[in-house]
Amino acid sequence: MSHEEHSRSFIRLLKIMTKLRSPQGCPWDAQQTPETMKTFLLEECYEVLEAIDKGSPQAVCQELGDLLLQIVFLSQIFEERKHFDIGDVSNGIADKLVRRHPHVFEGVKVENMEDLNRQWDEIKNREQGAQTEKSGLLQNIPKALPALSRAQKITDRAGRVGFDWPDAQGVVEKIHEEFHEFKNALNKNDAKEIEHEFGDILFSLVNLARFLDIDSENALQKAVNRFKTRFEFLEQKLSKDGRDLSTVPLTEMDKLWEKAKDQERLPDCEKVKKD
């Protein structure tokens with residue numbers, strides 16, 4: 001699709017959104033506010049991530065459209081309030097991309113990814129100016145982020161200024177230390193301290209993920225999805241035999257669980273045959 005075709009398709013979307021918000025449009029769309037749109041925006045972000053995990057380009061395309069709708073919708077609301085419009089949004093991010101990529105647009109030389117990250121942080125700090133100095137290095141990380149993602153961003157920021165372990169082994173030793181403290185809290189049966197030490201274990205594990213270039217949020221999502229798939233396999237097998245899950249011995253469920261794990265290793269065509 002050419003740039004002209006892109007422009008026509010985007011303008012079409014903008015016109016539809018304007019119509020939906022007009023007195024001749026949809027009452028539901030007209031009633032929405034930035035506050036009511038927050039939940040939809042978050043849901044659409046997660047649906048894009050799920051589509052990416054599925055590996056379906058068609059699903060990703062559809063979910064990106066739903067996410068784009070949220071951006072256009074919110075921009076339309078703020079345009080009606082005379083604050084900004086979608087053009088300001090587009091130009092703002094375009095200007096930011098040019099500013100933060102002088103190695104692309106201005107011929108500035110960078111030697112490696114470390115230089116690239118340092119350059120990005122320096123430009124970002126200059127943009128934020130006195131506000132950054134006042135609020136601190138970690139203050140502009142959104143509190144609404146999922147806890148694992150927020151922890152990883154915080155440790156990454158701290159690490160960039162040298163507040164970090166020299167290598168992953170140091171983090172592994174810290175995890176062992178935190179787990180020892182967690183066991184002591186369990187022995188004391190102190191609920192508040194148990195929660196505290198459990199949180200420290202999670203935080204240390206996220207720090208290790210960062211050292212290993214693992215996205216901790218993504219890793220946990222995949223683990224949850226694996227558990228869900230295996231559990232559903234177990235349910236389906238028992239249901240076919242007319243048996244109730246709650247009456248099956250744990251040892252038998254463990255065997256089915258192992259079969260579910262074996263299924264994951266098979267090609268998709270083989271899974272169909274096995275079923």
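Phe179 and Phe182 both belong to helix α10 (residues 168-188), where 3 residues, about one turn of the helix, separate them. Helices here are DSSP runs of H or I with at least four residues, numbered from the N terminus. The model is predicted, so local features need pLDDT of at least 70 and side-chain atom pairs count only at pLDDT 80 or more, while totals for chains, interfaces and linings use all residues. Residues are numbered from 1 along each chain as its sequence is written, and side-chain values use heavy atoms, with hydrogens and water left out.

## Aromatic pairs

The structure holds 6 aromatic pairs. In the pair of Phe78 and Phe84, the ring centres are 4.9 Å apart and the planes stand at 15°, so this pair is stacked. Phe179 and Phe182 form a tilted pair, with 6.0 Å from centre to centre and 40° between the planes. Rings of Phe, Tyr and Trp (its six-membered ring) pair if their centres lie within 6.5 Å; planes under 30 degrees apart count as stacked, over 60 as edge-to-face and the rest as tilted. Ring pairs also link Phe179, Phe182 and Phe198 into a cluster.

Arg81 lies over the face of Phe78, at 6.0 Å from the ring centre. The criterion for such a charge is that NZ of Lys or CZ of Arg is within 6 Å of the ring centre and within 35 degrees of the ring normal.

Buried means under 20% relative accessible area, exposed over 50%, and partly exposed in between (1.4 Å probe, protein chains only).

| Residue | Relative accessible area | Class |
|---|---|---|
| Phe78 | 23% | partly exposed |
| Phe84 | 31% | partly exposed |
| Phe179 | 42% | partly exposed |
| Phe182 | 13% | buried |
| Trp120 | 31% | partly exposed |

## Helices α10 and α11

The axes of α10 and helix α11 (residues 191-211) come within 9 Å and cross at roughly 165°. That makes α10 roughly antiparallel to α11. Axes are lines fitted to C-alpha atoms, for helices over the stretch in contact, and angles run from 0 to 180 degrees between N-to-C directions; those under 35 degrees count as roughly parallel, over 145 as roughly antiparallel, 65 to 115 as roughly perpendicular and the rest as oblique. The crossing of α10 past α11 is left-handed, a term for a near helix turned anticlockwise from the far one by less than a right angle.

Among the residues of α10 that meet α11 are Val171, Ile175, Phe179, Phe182 and Leu186. On the α11 side, the residues include Ile194, Phe198, Ile201, Leu205 and Leu208. Contact means heavy atoms within 4.5 Å.

## Loops with positive phi

Most residues other than glycine have a negative phi. Asn189, in the loop between α10 and α11, has a positive phi near 60°. Its relative accessibility of 65% makes Asn189 exposed. Asp213, in the loop between α11 and α12, likewise has a positive phi, of about 60°, and is exposed at 74% relative accessibility.

Trp120 is located in helix α7 (residues 113-128). Leaving aside neighbours within four places in sequence, Trp120 is in contact with Arg100 and His101. Trp120 and His101 are 19 residues apart in sequence, and their C-alpha atoms are 7.8 Å apart in space.

Ser216 is in helix α12 (residues 216-240) and is buried, with a relative accessible area of 9%. Not counting residues up to four places away in sequence, Ser216 touches Leu148, Gln152, Val206 and Ala209.

Key:
Helices (H or I, at least four residues) and strands (E, at least two) are DSSP runs, numbered from the N terminus.
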